[in-house]
Amino acid sequence: MSDLFTAESIVSLLTLTFLEIVLGIDNIIFISIAANKLARNDQPKARNIGLMLAMAFRLVLLMGISFVISLSKPFTHIDAGWFKAALTGQSLILFAGGLFLLYKATSEIHHKLEGGEEEEIEGGAIKGKATVSSVVTQIAVTNIVFSIDSILTAIGLTQNVAIMMIAVILSIVIMMFFAGPVGSFVNEHPTIQMLGLAFLIMIGFMLVAEGAHLSEVVIFNQEVGVVPKGYLYFAIAFSLLVEFLNIRLRKTQQPVKLRGYEGRPDHDGII
């Protein structure tokens, strides 16, 4: 217990908590967009349940840390000449999770662009066929993928399970505090919703690429690389900065007024 109060442990705890929050940004985005399909008074409940599930999954995985480590070991090899792979449990989870995010984000973009007859305005919020249980189920499936990625990051930073658990709890509590304002902001700005869905497509692609990379996939003698997460999070931060500037500009900008055509042909020398 005394090891928790050393300078090295405190630095590890702060660093790991920060990384867990950064890695949880994509989770918050998905939870906010998924909860947006519910009535306004049900959205905080869905967000809190989703984040509590995230914390529970992470703590369970930490208690079975040997099982998590075993997922990184290949359980079968495939060699079809043009295609080679060493499949692991971790890579399959990331690959399936990436495909799920790609499908979910694409279907949500299509739904928002095309609309649906089942939607109606109720209590100031758009309500469709979604229920709290269906939204929580989607969040739970996604949390499994994000939890695996989060715990593997934690294992690479420290071997102290107690520090990992404290960092997970602290990060989830902080995210629960900010999930409400983030969800409200996303609901009030449709462009942010679309940007968030685009982020999920990027993250889904990254997870598919990372799953293939961990499986050491080789296609026609070309190894599948991995997308550096630093580039991904920089792109997300830069896109959000630009969108925030656009939102601020739209609030202060005067509406565009088109000029009339009276006298323009004569002025331009057409007649």
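**The second largest pocket**

Seventeen residues, written 17 in my notes, line the second largest pocket, and those nearest its centre are I25, I28, I29, V182 and L240. A pocket here is an open set of points on a 1 Å grid over the protein atoms alone, where a 1.4 Å probe fits, with protein on both sides within 12 Å along at least five of seven lines; lining residues have an atom within 4 Å of a point.

This is a predicted model, in which local features need pLDDT of at least 70 and side-chain atom pairs count only at pLDDT 80 or more, while totals for chains, interfaces and linings use all residues. Residues are numbered from 1 along each chain as its sequence is written, and side-chain values use heavy atoms, with hydrogens and water left out.

Helix 7 gives the largest share of the lining, six residues. By class, the lining has 15 nonpolar residues, two polar and no charged. Nonpolar means Ala, Val, Leu, Ile, Met, Phe, Trp, Tyr, Cys and Pro; charged means Asp, Glu, Lys and Arg; the others, Gly among them, are polar.

**The helices around it**

Helix 7 and helix 8 pack with their axes 5 Å apart, at an angle of about 110°. That makes helix 7 roughly perpendicular to helix 8. Axes are lines fitted to C-alpha atoms, for helices over the stretch in contact, and angles run from 0 to 180 degrees between N-to-C directions. Angles under 35 degrees count as roughly parallel, over 145 as roughly antiparallel, 65 to 115 as roughly perpendicular and the rest as oblique.

How do helix 8 and helix 9 compare? Their axes come within 11 Å and cross at roughly 175°, so the two helices are roughly antiparallel to each other.

Four strands form an open antiparallel sheet, in the order 1-2-5-6. Strand 1 (74–79) and strand 6 (222–223) are at the edges with a single partner strand each, so one side of each has no neighbour in the sheet. Strands pair if DSSP finds at least two bridges between them.

Strand 1 and strand 2 are antiparallel over five bridges, and D79 stands opposite K84 in strand 2. Their hairpin has three residues between the strands, and G81 takes a positive phi near 85° there. Strand 2 (residues 83–88) also pairs with strand 5 (residues 218–219), over two bridges, with F83 opposite I219. Helix 5 (residues 89–114) lies across strand 1 and strand 2, at about 100° to strand 2.

Conventions
Contact = heavy atoms within 4.5 Å.
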